[in-house]
Amino acid sequence: MVFSKKGTGFFQSDGDTVVIFDMDGTLGLSLIPEEEAFRKVFELTCQEASRSCGSRVSLEKMEQFYRQAKKEHYELYPLKPRRHNKRIRLRLFLEKVQQNNGIRFASEFLDKIHDFYWKHFVARAKPYPDTHKTLEMLNRKSIVVIATNNEDEETELKMKLFGLKPGKHYRFLFSSERLGICKPAPEFLERLIQCLEEDLGQPITGKRIFVVGDDPRNDFAWAKSIGAITIRVRKDLHAEREPTCEDEKPDYTVNNISEILDII
Ligand SMILES: [Mg+2]
């Protein structure tokens with residue numbers, strides 16, 4: 001039995017089980033809201049192109065420019081935390097729209113679509129109905145960790161939106177910014193374990209490790225490499241996404257997060 005004090009609360013756990021959660025799509029609805037918020041940005045950009053530049057650009061074209069911008073963004077920051085930074089993504093998107101249509105938006109338009117994006121995202125993203133109760137129960141009997149590809153600022157905002165509190169719902173939170181790398185890079189796992197052992201003050205060798213995620217392409221192969229038991233929460237945008245190889249197949253699949261309590 002391990003008793004330790006960290007942050008705001010006292011923890012009592014058997015110390016033998018570590019449960020590592022992904023955040024987006026796993027603990028709450030956020031990927032569909034993200035897509036919807038980007039769509040709102042495309043609509044606003046269409047209107048602005050027409051209003052201030054007299055240029056008609058279709059919604060389909062905007063989506064195409066966005067896809068190009070996203071690809072370029074990922075290439076600029078390969079598996080680095082900044083690959084998920086929305087301001088960079090939106091700036092690249094506006095550059096594509098401007099270059100391809102010979103138009104120039106006012107400099108403050110980037111701020112406007114950035115705020116617009118977050119306004120729409122915040123209005124739609126939310127935790128799943130059973131997230132709080134499930135994490136609370138698990139946090140009492142095991143070491144609950146949240147590990148996300150988001151940078152710190154976005155992590156903080158989403159944790160607030162999902163209503164997740166340290167001590168009550170989880171014990172450790174790791175962003176890609178702290179780890180310096182994103183999933184599914186193998187270094188993500190190395191640094192996660194290193195940081196976790198530092199914060200925990202003990203090695204995690206010999207403990208049962210569960211990894212819970214929603215995206216078969218990102219969440220399980222790295223987890224399996226350390227013998228973790230993998231659980232897929234079939235929710236949000238990736239609910240119908242299929243694994244492309246054996247390594248991407250989780251050990252368990254659940255439709256609701258509370259069902260993991262029967263497994264762990
Ligand atoms: Mg996810």
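Okay, β9 first: four of its five residues are buried, so this strand is largely enclosed by the rest of the structure. Buried here means 20 or more other C-beta atoms within 10 Å of the residue's own, exposed means 12 or fewer, and partly exposed is in between, with C-beta atoms placed from the backbone. Strands are DSSP E runs of at least two residues and helices are H or I runs of at least four, numbered from the N terminus.

Keep in mind that this is a predicted model, where local features need pLDDT of at least 70, side-chain atom pairs count only at pLDDT 80 or more, and totals for chains, interfaces and linings use all residues. Numbering starts from 1 along each chain as its sequence is written.

So what does β9 pair with? On one side there's β8, parallel, over four bridges, with Val 211 opposite Thr 230 of β9. There's also β10, again parallel, over three bridges, and there Arg 232 stands opposite Thr 253. Pairing, by the way, takes at least two DSSP bridges between two strands.

Zooming out, we've got an open sheet of six strands, ordered β7-β6-β3-β8-β9-β10, with parallel pairing. β7 (172-175) and β10 (252-254) are the edges, each pairing on one side only. On average, neighbouring strands are turned by 20° against each other, direction ignored. For angles, axes are lines fitted to C-alpha atoms, for helices over the stretch in contact, and values run from 0 to 180 degrees between N-to-C directions.

Contact means C-beta atoms, placed from the backbone, within 7 Å. Val 144 is also the bridge partner of Val 19 in β6.

Last bit, confidence. pLDDT is the predictor's confidence in each residue, from 0 to 100. The protein's mean is 92, and 95% of residues reach 70 or more. Over residues 1-12, though, pLDDT stays under 50, and the model has 16 contacts for that stretch beyond four places in sequence.

Notes:
Contact = placed C-beta atoms within 7 Å.
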